[in-house]
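User: Hi! Could you walk me through this structure, in questions and answers?

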Amino acid sequence: MTLFGENGFVLGREAFASEAELTQTLLHETYRLSTSQAAAGVSGGLATSETASAAGFAGRAYQAFFGQ
């Protein structure tokens with residue numbers, strides 16, 4: 001879960017299911033911290049859009065670096 005106020009995030013147990021999952025979670029959360037517009041307030045649409053963008057980035061970056 002992204003913690004914008006602390007400029008960090010918390011990892012749940014699911015993130016440690018595999019090395020690939022941990023890597024993609026780190027990519028996802030780092031991307032969100034770097035690109036989010038949530039400081040101005042979060043709506044459902046913004047959260048959905050940013051989550052989809054972060055997940056897409058994590059998947060593409062993982063594929064580019066690890067080819068899996």
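**Aromatic pairs and overall form**

Analyst: Happy to! Y62 is buried, at a relative accessible area of 7%, where buried means under 20%, exposed over 50% and partly exposed in between, with a 1.4 Å probe and protein chains only. This is a predicted model, in which local features need pLDDT of at least 70 and side-chain atom pairs count only at pLDDT 80 or more, while totals for chains, interfaces and linings use all residues. Residues are numbered from 1 along each chain as its sequence is written, and side-chain values use heavy atoms, with hydrogens and water left out.

User: Thanks! In what order do the elements of the protein run from the N terminus on?

Analyst: The protein has 2 helices and 2 strands. Both kinds are DSSP runs numbered from the N terminus: helices are H or I with at least four residues, strands E with at least two. Read from the N terminus on, the order is β-β-α-α.

User: How do the rings of Y31 and F57 pair?

Analyst: The structure holds 2 aromatic pairs. Rings of Phe, Tyr and Trp (its six-membered ring) pair if their centres lie within 6.5 Å; planes under 30 degrees apart are stacked, over 60 edge-to-face, and the rest tilted. For Y31 and F57 the centres are 4.7 Å apart and the planes at 20 degrees, so this pair is stacked.

User: Which parts does the pair of Y31 and F57 tie together, and how far apart are they in sequence?

Analyst: Y31 is partly exposed at 23% relative accessibility, and F57 is partly exposed too, at 28%. Y31 lies in helix α1 (residues 19-35) and F57 in helix α2 (residues 44-66), so the pair links parts whose separation in sequence is 26 residues.

User: And what kind of pair do Y62 and F66 make?

Analyst: Y62 and F66 sit 4 residues apart in helix α2, about one helical turn. F66 is partly exposed, at 46% relative accessibility. The ring centres of Y62 and F66 are 4.8 Å apart with planes at 40 degrees, so the pair is tilted.
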